[in-house]
Amino acid sequence: MVVMDVWTACFVDSKYSMTPEEVARLTSAYQEIGLDVNLQDLHTEDEIIAACGHTDVLLCNGNPPISRKVLKSLPDVKVVQRFGIGVNSVDLEAAAEYGVVVLNQPGISVQELSVHTTGLILDLLRNITYYDRGIRQGEWRKAKGIPCPPLQDEVLGLYGFGATSRLLYRIFHDGFGVKKIIACDPYLKKEDLPAYDVELVSFDELLRQSDILSIHVHLNKETYHSFDYEAFRKMKTSAVIINIARGGVICEPDLIRALQEGLIRGAGLDVYETEPLPTDSPLIRMDNVVLSCHSAFLGVNSRRLLHRQLIEQMRQIIQENSISRIPVANKGVISKIPAFQII
């Protein structure tokens, strides 16, 4: 890669979940560090290829398809910058092969995600949306919801034990006094967690023991459709499942079937396999389901931190010819970019 005075960027999906004012401030900040930004609203591989030729950076606010086809067709691209944690829409293997650095934003929205998860859990256990829907429909469902068990006696199960899970642990263990918290994370050992009274278990044990099961993993080949019909059959019929990670971790038709058959008590969802959630989805009509629209990350502080982090990442690359190792999502590319100092 060659260091240049001015880099060019294609903001692939500039209309996705950002206000025009936010886009203007961000592009102005990019301009100040030497990055000229071309604002686009692209949705397909072919659209991206046609609009982003001869550009150095792809800016991805949402999850546009940065596939092998796209990367191969845009040989000038040096960096893909995702405005969040997940990189499931980027072909990381192809990016590493072509020497393209993929940057994400680890640590962004940890507090917002954990608080939103807490809200979904409490809503389900306390029947809040169930009562709200009834009142709005002219029904007085007084005390007709499922009685809430003592929260401190529930088993909280965490699928993935990263930053968001660890803050959720603090909320439930230290705040609500939950006695038993378990986690399934094959990349961790008990000695890695001296500050947490958490039991690491297998996936099957996570399913069998959890009263509240909360998903906090990236979507990849290992986690895709982890929760299928057979998984739901292993769960307690009194259990609730929460997903603020990625929709594809759950097989949605199997979840719908499990809820209809009473295999689990309920679900709190912020993410879906297809977004926006289709208006004919049975999930919309279920009283034991609480829905939000991929907004768990949203917060004043998280937005400010995100924008600062985005600018600093690109400033290091353009002005200092350096890249921080931590946000590189495709670590295999590091050996292929000797022109950059890895810090």
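**Sheet and cores of a predicted model**

Let us now consider the whole sheet. Strands of a sheet pair through backbone hydrogen bonds, either parallel or antiparallel. Here, 7 strands form an open sheet with parallel pairing, and their order is β8-β7-β6-β9-β10-β11-β12. Which strands stand at the edges? They are β8, residues 199-200, and β12, residues 289-291; each has a single partner strand, so one side of each is left without a neighbour in the sheet.

Helices also lie across these strands. Helix α5, residues 110-126, lies across β9, β10, β11 and β12, and runs at about 155° to β10. Helix α7, residues 163-175, lies across β6, β7 and β9, at about 175° to β6.

I turn next to the nonpolar cores. The largest contains 34 residues, of which Ile215, Phe227, Phe232, Ile241 and Leu255 touch the most other members. Among the elements that each supply at least two residues of this core are the strands β6, β7, β9 and β11, together with the helices α8, α9 and α10. Which element gives the largest share? That is α10, with 4 residues.

Leaving aside neighbours within four places in sequence, its contacts include Tyr159, Phe227, Ile241 and Val249.

Finally, there is a second, separate core of 29 residues, including Val23, Leu310, Met314 and Ile317. Thank you for your attention.

Methods: Residues are numbered from 1 along each chain as its sequence is written. This is a predicted model: local features need pLDDT of at least 70, side-chain atom pairs count only at pLDDT 80 or more; totals for chains, interfaces and linings use all residues. Side-chain values use heavy atoms; hydrogens and water are left out. A nonpolar core is a set of buried Ala, Val, Leu, Ile, Met, Phe, Trp, Tyr and Cys residues joined through side-chain atoms within 4.5 Å. Buried means under 20% relative accessible area, exposed over 50%, partly exposed in between (1.4 Å probe, protein chains only). Contact means heavy atoms within 4.5 Å. Two strands pair if DSSP finds at least two bridges between them. Axes are lines fitted to C-alpha atoms, for helices over the stretch in contact, and angles run from 0 to 180 degrees between N-to-C directions.
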